[in-house]
Amino acid sequence: MRDIVTVDTGHERYDILVGPGLLADPAAWAGLPKAALAVVVSNTTVAPLYAQQVVQQLGTRYARVTQVTLPDGEAHKDWATMNLIFDHLLAEGADRKTVLFALGGGVVGDITGFAAACFMRGVPFVQLPTTLLAQVDSSVGGKTAVNHPLGKNMIGAFYQPRRVLCDLDTLATLPPREFSAGLAEVIKYGPIADMAFLDWIEAHLDALVAREPAALAHAVRRSCEIKAQVVGADEKEAGLRAILNFGHTFGHAIEAGLGFGEWLHGEAVGCGMVLAAALSARLGGVDEAFVRRLTALVRRAGLPVQPPALGAERWLSLMRMDKKSEAGEIRFVLLDAPGKASMRPAPDALVTDVLRAHGG
Ligand SMILES: NC(=O)c1ccc[n+]([C@@H]2O[C@H](COP(=O)([O-])OP(=O)(O)OC[C@H]3O[C@@H](n4cnc5c(N)ncnc54)[C@H](O)[C@@H]3O)[C@@H](O)[C@H]2O)c1
Ligand SMILES: O=C(O)C(=O)C[C@@H](O)[C@H](O)[C@H](O)COP(=O)(O)O
Ligand SMILES: [Zn+2]
């Protein structure tokens, strides 16, 4: 049993397959780009778990299959790690048709996608996401990047994958903290786009945490549907796509401010959504009851709701680095109403007041 969600940007079109057993299902691999060489990019944690079945599938379709194993962790989402992929591709005689397969979470997916965008000015790549976060968000939509010490995802490209295979079975080995981090991006889709989905998440959170297959399948499929629709309408974030950044202006400041890897991306986004909702309430978009509702859900998902105490000036300078800022003005994704969001500036005094009220 599998679901298919299609991303259509107007000039590129690809399928996201969602279901159990996809990595081992030959049908899921049919029709991928032809090449002499396929390269599986993974990391030291995921490769021992899943690379073998991927290599086995690819071995029936490509003359040669090689592997690059990257160090694990957000702290390694950088230029030096991406260079390991280029070193491998050049040493193995890769050409313009070589296909890269990103096997892992969002870190592997973002680095591999960016490497694919750059190598020989662009080679095809396929996303094989193995975390909840990667299945509901990062593998879809073509945002690829590495971090810079001064800012999150600062160097990157929009570059779409040829296919996304969300094998739900891989989620069985995910540590609970990482699973919670993925729930943050699932929850995100409710306040910004679909309040019925938020109701569903609240009602099925226990089933999700227990990783019940039907609940997981629905959460991944619905998340991908919402993301595919937004990306299809605004691939390069001219406007609408920014709603997918709800909670991220605060969240990325936490990640960069504490040093990448201290808080997980999903943890920072969960807390960031609470702050962004509180800021929205101060500006009249939602009421305090909605902020309490979202805070309770984020907490129930096992995510932090109290930001680190970075100090007002540090918060503001970190958030000014955000890619949505223009001419030094920070722009937040705020809720105009439950289920509806847009990008706007907010007065610094109000932002620091919200941070202070939450202990930041
Ligand atoms: N491109 C986008 O649109 C987008 C969207 C959201 C997040 N992101 C990025 O994604 C990254 C976060 O991704 P993430 O949460 O997947 O983190 P991650 O890639 O670091 O993976 C989390 C941890 O789980 C391990 N892991 C992965 N799959 C596993 C499995 N099946 N079993 C056991 N362990 C497994 C990984 O090795 C890692 O230690 C951040 O860098 C974030 O900026 C990008
Ligand atoms: O796909 C998008 O657009 C998003 O904003 C999804 C986010 O969850 C993701 O963390 C993304 O990488 C953030 O993008 P950035 O442009 O703020 O770096
Ligand atoms: Zn995110």
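Student: Why is helix H9 (residues 248-258) largely enclosed by the rest of the structure?

Tutor: Happy to take you through it, keeping in mind that this is a predicted model. Helix H9 is largely enclosed because 9 of its 11 residues are buried, a residue being buried when 20 or more other C-beta atoms lie within 10 Å of its own. The buried residues of H9 are His248, Thr249, Phe250, Gly251, His252, Ala253, Ile254, Glu255 and Ala256. After H9 comes Gly259, which has a positive phi, near 95°.

His248 also takes us to a ligand. Besides being buried in H9, His248 is one of the residues around ligand 2, together with Asp137, Gly141, Lys143, Lys152, Asn153, Glu185, Arg241, Leu244, Asn245 and Lys323. By type, that shell holds 6 charged residues, 4 polar and 1 nonpolar. Ligand 2 lies between domain 1 (3-172) and domain 2 (176-357), because both give residues to its shell.

H10 gives two or more residues to the shell around ligand 1, as do helices H4 (106-118), H5 (132-138) and H6 (176-193). There are 30 residues around ligand 1, of which Thr45, Gly105, Gly106, Thr131 and Ser138 come nearest. The shell divides into 14 polar, 8 nonpolar and 8 charged residues. Domain 1 and domain 2 both contribute to the shell around ligand 1, so ligand 1 lies between them.

Definitions and conventions
Residues numbered from 1 in each chain as written. Chains lettered and ligands numbered in written order. Predicted model: local features only at pLDDT ≥ 70, side-chain atom pairs only at ≥ 80, totals over all residues. Buried ≥ 20, exposed ≤ 12 C-beta atoms within 10 Å, placed from the backbone. Helix = DSSP H or I, 4+ residues; strand = E, 2+ residues; numbered from the N terminus. Near = placed C-beta within 6 Å. Nonpolar A, V, L, I, M, F, W, Y, C, P; charged D, E, K, R; others polar. Domains from an automatic or database assignment.
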